[in-house]
Amino acid sequence: MNKAFQLPLLAAAVVFLTAAAVANPAREAILAALATQAKAADPTFTAFSSERGAAFWNADHTGGNPELPSCTSCHTKDPTAEGKTRAGKAIAPMAVSQKADRFTDQEKVTKWFDRSCKNVLGRVCTPIEEGDIITYLSGK
Amino acid sequence: MNRVNWLIGACLVLLAGPAVAEGTRFPPIKDAATAKECSTCHIAFPPQLLPARSWQAILGNLGNHFGEDASVAAKDNAEIVAYLMAHAADAKATSGGTRYLKGIATTATPLRITEIPYWRRWHSEVSAARFKSPEVKSAANCVACHRRGAGILHRSRAGGVVRLCFIVGLSPERVLL
């Protein structure tokens, strides 16, 4: 192949693959449903924010199990790294770049937000919080 | 003295090696929901280690599972509790289950395997600091020390050494750590 074409083709492939990893239809549908709920709860809501998601992920919260004040208590500050449960079992990275099927199974997403939010905050998370976290981890 | 202990310990490891590799083993968990749901945050613990009433109590309170919400779908919960109770220490299907029940009052419902006298006896020489160390993290992390294969929890290699240490009157803590 002509060398002149190789680099642009490679670049196009990288862009395509990156976009494919982020824009998974199942994940998009989950985010769209959360956006609808977010809008219903707060009419001023416009879009999910990766920055808000990052802040929420790294923050120390109260109201849940004092041993688990933050998402990072189990998942670590680096979402591309493996986490660890209180019982010492490894948790696969939450970052979509490391595990492409993250946030693509509605049942699993609901189950784990319900559990984890209760454990860390002592309450369910709002649709905005959930959408922000998914958005943050999709870009990681 | 420490050096002597180490030498004796090394000999015991060599002697004990092949014998303890066989070890006591628990049958693998054959129920799909139990194997999947109970092994997400920790290993799926052998149901033989607790009486049926304990499993019933634990599965009845997954909303607060030792400080965490570990709720599962109602149909999975029913399947899991049935399986665990059918393979509990006091279940008909469990052979030799009385050794796990020894020392548990019939009026007591232990909620942790680490509470039962059988477990405590075998782990009495492991220091609290060892359980809390970064590589172990928790006494619930059996596989930090116990070899695992095909869903079977084997007796740890150290277990055999510990037993031999008791027989010859050495402190296993000093030999092993």
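Student: Before we start, how do you know which residues and features to speak about?

Tutor: Residues are numbered from 1 along each chain as its sequence is written, and chains are lettered from A in the order in which they are written. Because the model is predicted, local features need pLDDT of at least 70 and side-chain atom pairs count only at pLDDT 80 or more, while totals for chains, interfaces and linings use all residues.

Student: What makes up the secondary structure of chain A?

Tutor: Chain A has six helices and two strands, in the order α-α-α-α-β-β-α-α from the N terminus on. Helices (H or I, at least four residues) and strands (E, at least two) are DSSP runs, numbered from the N terminus.

Student: Why is A:Ile30 called buried?

Tutor: A residue is buried if 20 or more other C-beta atoms, placed from the backbone, lie within 10 Å of its own, exposed if 12 or fewer, and partly exposed in between. A:Ile30 has 20 other C-beta atoms within 10 Å, so A:Ile30 is buried. In chain A, buried residues make up 29% of the 140 residues.

Student: What does A:Ile30 touch, leaving out residues up to four places away in sequence?

Tutor: A:Ile30 sits in helix 2 of chain A and touches A:Phe103, A:Gln106, A:Val109 and A:Ile134. Being in contact means that the C-beta atoms of two residues, placed from the backbone, lie within 7 Å. A:Gln106 is 76 residues from A:Ile30 in sequence, yet their C-alpha atoms are 6.6 Å apart in space.

Student: How do you describe the packing of helix 2 of chain A and helix 6 of chain A?

Tutor: Two packed helices are described by the angle between their axes and the distance between the axes. For helix 2 (residues 25–41) and helix 6 (residues 127–138) of chain A, the angle is about 145 degrees and the axes are 8 Å apart. Here axes are lines fitted to C-alpha atoms, for helices over the stretch in contact, and angles run from 0 to 180 degrees between N-to-C directions. Among the residues that meet are A:Ile30 and A:Leu34 in helix 2 of chain A, and A:Ile134 in helix 6 of chain A.

Student: Now chain B: what is its pattern along the sequence?

Tutor: Chain B runs α-α-α-α-α-α-α-β-β-α-α, which comes to nine helices and two strands. Of its 177 residues, 23% count as buried.

Student: What makes the span of helix 4 of chain B close to the expected one?

Tutor: The expected span is 1.5 Å times one less than the number of residues. Helix 4 of chain B (residues 74–86) has 13 residues, and its reach of 18 Å from first C-alpha to last is close to the 18 Å expected.
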